[in-house]
Amino acid sequence: MKLYKWFGLLIGCIVLSAACSDDDKNFGELGVTIETPVASDTTSSSIQLKATLEVANDVVLSKRGFCYSTNENPDIYSATVVADGDKIFAATIDGLLVNTTYYIRAFVVLYNGGVAYSPQIAVATGQGTLEEQLAQYKAPTYLDNYASISAWSMRSQWNLSNVHDPTVVLADDGYYYMYQTDASYGNAHTAGGHFHGRRSKDLVNWEYLGGTMKSLPSWVVPKLNEIRKEMGLSATTGEGDFGYWAPCVRKVKSGLYRMYYSIVCPGLLNGEGTWGERSFIGLMENSDPSNNDGWVDKGYIVTNASDKGLNFNISSTDWANAYYKWNAIDPSFIVTPAGEHWLIYGSWHSGIVAMQLNSDTGMPKQTLSVPWAEGKAPEEYGTLIYTRGAGNRWQASEGPEVVYNVETGYYYLFMAYDALGVPYNTRVARSKSITGPYLGIDGVNVTGGGDILPVVTHPYKFSGSDGWVGISHCAIFDDGKGNWFYSSQGRLPESIDNTIMLGHVRSMRWTKDGWPLVMPERYGAVPKVAITEDELVGNWEHIDMSYSYGKQKESSVMTLTSDHKVSLGTWKDASWSYNADTQVLTVNGVELYLQREVDWEAVPRTHTIVYAGYGSNNKTYWGKKSK
């Protein structure tokens, strides 16, 4: 037995000796091999690293170390740290950003000037304290005036450029997906289909995905001609520019997403001098929105309904006597807590209606008759839930968005008001029932007719900027963790270029009375560090958002002093107080809800504190802390 042990040891030594022979090792062209580095003791700002190397006998090294970057495949021209050791060497990288992924490679430099690298590893630093995150925060740098990158060939750089009438959904894969009306600066989008999409993990950086619908659905022209035949009208060839407007996307359940979309047909109802042709709402479904080509068309949902029977020879300029009662565009889709599915739709024509859907198919729950009747629009086409003016057939309100907040127990109806170029502004009303009545903050029953208050967004301008106009037709969504967001288009003012349409995402807060407040500055993922009272002392840019058609409301200076007085501004000589638990600043009796957001007007951009609030006079107030 001892002989066998001795013989085995001898063989093992021979094998080990052979394995360690430089002649049999593959050191590569430079005579060096470096194993994949190992990371340990990672903190919010540092990473400890160790690597092992093997060197051919005739190779001499001058330096060992680690190179690192937030981009893949770092090299010695990236950030580096020199290491201590020989065949095993180690170093610590300090001064890193919190909650950030770094790509790291070990390297050695040869005396002859060559450089050898290890395989790459990816290491994420820790979350760190909120204060550390705030100190290291970097604001978004993308362009607001994106004309220089607006071309179709530049779409990989668009981020939130060329966004109009967005809808946003949080999917199973953790991405937010955004879809929109076909509209872009210079019509650049026309090369890529319809209802374009993009996605983001952080609501700040967006990846452009392209069109979800490649061509006009095959059902549209036949359905149009079916209705025209029933009306006694001649068939149309379907030629002309169809409109692809205002989709709404919702997650119905895991593995099922529905997109309701608008198709606006070109032409006139019965030739020259008559009312415009009708529009349709259709449906697409997808099991996985990461597959942008996976949207499957399910067909026709609803069209414009009329209460004028076959009396359709109405001039296309006779707005007050429009042929259609309800306009089949701007869908909003909601699943109630009871599991009912509803489609909310309408624009300009007489008001907004709610139509119940079959939850299994997404189609109308009731069979739709022909879309006209004498004296009354067919009931199955929807129940009126809002009108800006009872009996007014042409009213400047559109783009309904209905959401339910389980914390307040209300349905919220957001509406776009006025012309979209400059005056566009957003209002909100609420109801305990999906079909209303919806009441404004002033108690007005807007289902029965009347303007909605409060004003949620309005054209505005902080100092040092051109400001924004056309801020409406919104999407409202949450992250499932109590954080709510408002997204819409925003346009530059006419003095710059009003056809520039940038996607805006803003945080929302809810008042103690259950009304939504939209923050004045766009969302930029600023860490939610607690706001202290000391930070509130100083100058603020204050905006009274009282409604003024087509006018940008400009900021004025308001100064808060350490003795809790207002020394300058609209509320001069008033007092102020602060509730740190709720982050509510009360000035002159008005509760202003605070949030840390990006100061987009600062150069360079940085973080600041903003507020939004409603006064007892139902006015809306916006503001931000001046630097």
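This is a predicted model: local features need pLDDT of at least 70, side-chain atom pairs count only at pLDDT 80 or more; totals for chains, interfaces and linings use all residues.

Trainee: Why does Gly-524 count as buried?
Mentor: Buried means under 20% relative accessible area. Gly-524 has 4% relative accessibility, so the residue counts as buried.

Trainee: Which residues does Gly-524 touch, leaving out those up to four places away in sequence?
Mentor: Contact needs heavy atoms within 4.5 Å. On that basis Gly-524 touches Tyr-137, Pro-140, Val-204, Glu-597 and Val-598. Trp-394 is 130 residues from Gly-524 along the chain, and their C-alpha atoms are separated by 38 Å.

Trainee: What does UniProt place at residues 520–623?
Mentor: The unreviewed UniProt entry gives the feature "domain: Extracellular endo-alpha-(1->5)-L-arabinanase C-terminal" there. In the model, that span is 0% helix and 46% strand, and its end C-alpha atoms lie 7 Å apart.

Trainee: How many disulfides does a search of the whole structure find?
Mentor: The search finds zero disulfides. A disulfide requires two cysteine sulfur atoms within 2.5 Å. For Cys-248, the closest cysteine sulfur belongs to Cys-474 and is 11 Å away, so the distance is too far for a bond.

Trainee: What makes Asn-162 worth a remark on its phi?
Mentor: Most residues other than glycine have a negative phi. Asn-162 is not a glycine, yet its phi is positive, about 60°. Asn-162 belongs to the loop between helix H2 (130–136) and strand E11 (167–170). Its relative accessible area is 1%, so Asn-162 is buried.

Trainee: Where is Ala-246, and what is its phi?
Mentor: Ala-246 is in strand E15 (residues 243–253). Its phi is positive at about 45°, although Ala-246 is not a glycine. With a relative accessible area of 1%, Ala-246 is therefore buried.

Trainee: How do you know that the peptide bond joining Gly-436 and Pro-437 is cis?
Mentor: Its omega is about 5°, and the bond is listed as cis. The bond from Leu-453 to Pro-454 is cis as well, with omega near 15°. Most peptide bonds are trans. Pro-437 lies in the loop between E27 and E28, and Pro-454 has its place in the loop between E27 and E28.

Trainee: What makes E27 and E28 a pair?
Mentor: Two strands pair if at least two bridges are found between them. Strand E27 (residues 425–431) and E28 are joined by two bridges and run antiparallel, so they meet the condition. Arg-427 stands opposite Val-455 in E28.

Trainee: Why are E25 and E28 called edge strands?
Mentor: The open sheet has four strands in the order E25-E26-E27-E28, paired antiparallel. Strand E25 (397–405) and strand E28 (455–457) each pair on one side only, and these are the edge strands. On average, neighbouring strands of this sheet are turned by 30° against each other, direction ignored.

Trainee: What makes strand E31 mostly covered?
Mentor: In E31 (residues 484–491), eight of its eight residues are buried. Trp-484, Tyr-486, Ser-488 and Gly-490 are buried on one side, and Phe-485, Ser-487, Gln-489 and Arg-491 are buried on the other. In a regular strand the side chains alternate between the two faces of the sheet.

Trainee: Which strands are joined to E31 by bridges?
Mentor: Strand E30 (residues 475–478) is joined to E31 by four bridges and runs antiparallel to it. Asp-478 stands opposite Trp-484 in E31. These two strands, E30 and E31, form a hairpin with five residues between them, and Gly-480 in the turn has a positive phi of about 80°. Strand E32 (residues 501–510) is joined to E31 by eight bridges, also antiparallel. There, Arg-506 in E32 is the bridge partner of Tyr-486.

Notes: Residues are numbered from 1 along each chain as its sequence is written. Side-chain values use heavy atoms; hydrogens and water are left out. Axes are lines fitted to C-alpha atoms, for helices over the stretch in contact, and angles run from 0 to 180 degrees between N-to-C directions. Buried means under 20% relative accessible area, exposed over 50%, partly exposed in between (1.4 Å probe, protein chains only). UniProt positions are given in the numbering used here, feature names are shortened, and annotations may be inferred rather than shown by experiment.
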